[in-house]
Amino acid sequence: MFLLLALLIGVISGLRTMTAPAAVAWGAALGWFDVSQTPLAFLGYRWTPWIFTVLAIVELIADQLPSTPSRKVPMQFGARIVSGALSGAAIGAASSLLFGGLVAGVIGAVIGTYGGAAVRAKLAGSFGRDLPAALIEDAVAVIGAVLIVGAVS
């Protein structure tokens with residue numbers, strides 16, 4: 001179950017890089033799951049969820065800009081992989097499966113990056129413009145992250 005949740009939070013990282021670590025940090029800080037005895041203990045620190053939340057909000061805004069590069073370019077793709085690994089590892093660590101969660105998070109991030117781009121392109125094509133598709137993707141990422149992290153507790 002935890003590895004599936006780690007995979008799914010990785011998919012969220014593929015959709016929006018900072019949404020998954022923000023949700024995971026909130027879950028850890030609120031005590032929904034314990035990562036305090038792991039290398040990921042910093043996720044449960046007082047300011048960590050706030051920092052990731054600010055970064056997630058900035059990302060949500062920046063994603064709407066026409067100058068934002070594709071999620072599939074190396075820098076963007078790499079950030080999604082790291083985010084998926086971090087978030088998946090944290091969920092895996094909640095059940096002593098840190099490395100398994102890390103791997104599941106990376107796989108999920110790859111799925112989310114390419115799958116999210118394909119779905120968004122189809123939605124944008126059906127709407128005739130990108131903004132509605134981007135907002136739907138934002139909603140899926142935020143709601144999905146909350147549901148996944150809530151399921152870990």
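Predicted model: local features only at pLDDT ≥ 70, side-chain atom pairs only at ≥ 80, totals over all residues.
Residues are numbered from 1 along each chain as its sequence is written, and side-chain values use heavy atoms, with hydrogens and water left out.

Let me start with the helices, which here are DSSP runs of H or I with at least four residues, numbered from the N terminus. Helix α1 covers residues 2–15 and helix α2 covers residues 19–29, and their axes come within 7 Å and cross at roughly 135 degrees. The axes are lines fitted to C-alpha atoms over the stretch in contact, with angles running from 0 to 180 degrees between N-to-C directions. On the α1 side the contact (heavy atoms within 4.5 Å) is made by Ile-9, Ile-12 and Ser-13, and on the α2 side by Thr-19, Ala-20, Pro-21 and Val-24.

Now to the charged side chains. Side chains of opposite charge can pair when their charged atoms come close. A salt bridge is a side-chain nitrogen of Lys or Arg within 4 Å of a carboxyl oxygen of Asp or Glu, and a search of the whole structure finds seven of them.

One of these joins Arg-16 to Asp-138, with the closest N and O atoms 2.6 Å apart. This pair links distant parts of the chain, as Arg-16 sits in the loop between α1 and α2 and Asp-138 in helix α6 (residues 131–152), 122 residues apart. Both Arg-16 and Asp-138 are buried, where buried means under 20% relative accessible area, exposed over 50%, and partly exposed in between, with a 1.4 Å probe and protein chains only.

Another salt bridge joins Arg-71 to Glu-137, again with the closest N and O atoms 2.6 Å apart. Here Arg-71 is in the loop between α3 (48–62) and α4 (74–93), and Glu-137 is in helix α6, 66 residues apart. Arg-71 counts as buried at 8% relative accessibility, and Glu-137 counts as buried at 6%.

In a further pair, Arg-120 and Asp-130, the closest N and O atoms are 2.5 Å apart. Arg-120 lies in helix α5 (residues 98–127) and Asp-130 in the loop between α5 and α6, so the pair ties together parts that are 10 residues apart in sequence. Arg-120 is buried at 9%, whereas Asp-130 is partly exposed at 34%. Through shared partners, salt bridges join Arg-16, Asp-63, Arg-71, Arg-120, Asp-130, Glu-137 and Asp-138 into one network.

Which side chain of opposite charge is nearest to Glu-59? Counting Lys and Arg as positive and Asp and Glu as negative, and leaving out His and the chain ends, the nearest is Arg-80, 4.1 Å away, and Glu-59 is buried yet has no salt bridge. Glu-59 lies in helix α3, and among the residues that Glu-59 touches, beyond four places in sequence, are Arg-16 and Thr-19.

Finally, Thr-19 belongs to helix α2 and counts as buried at 7% relative accessibility. Beyond four places in sequence, the contacts of Thr-19 include Ile-12, Glu-59 and Ala-141.

Technical notes: Helix = DSSP H or I, 4+ residues; strand = E, 2+ residues; numbered from the N terminus.
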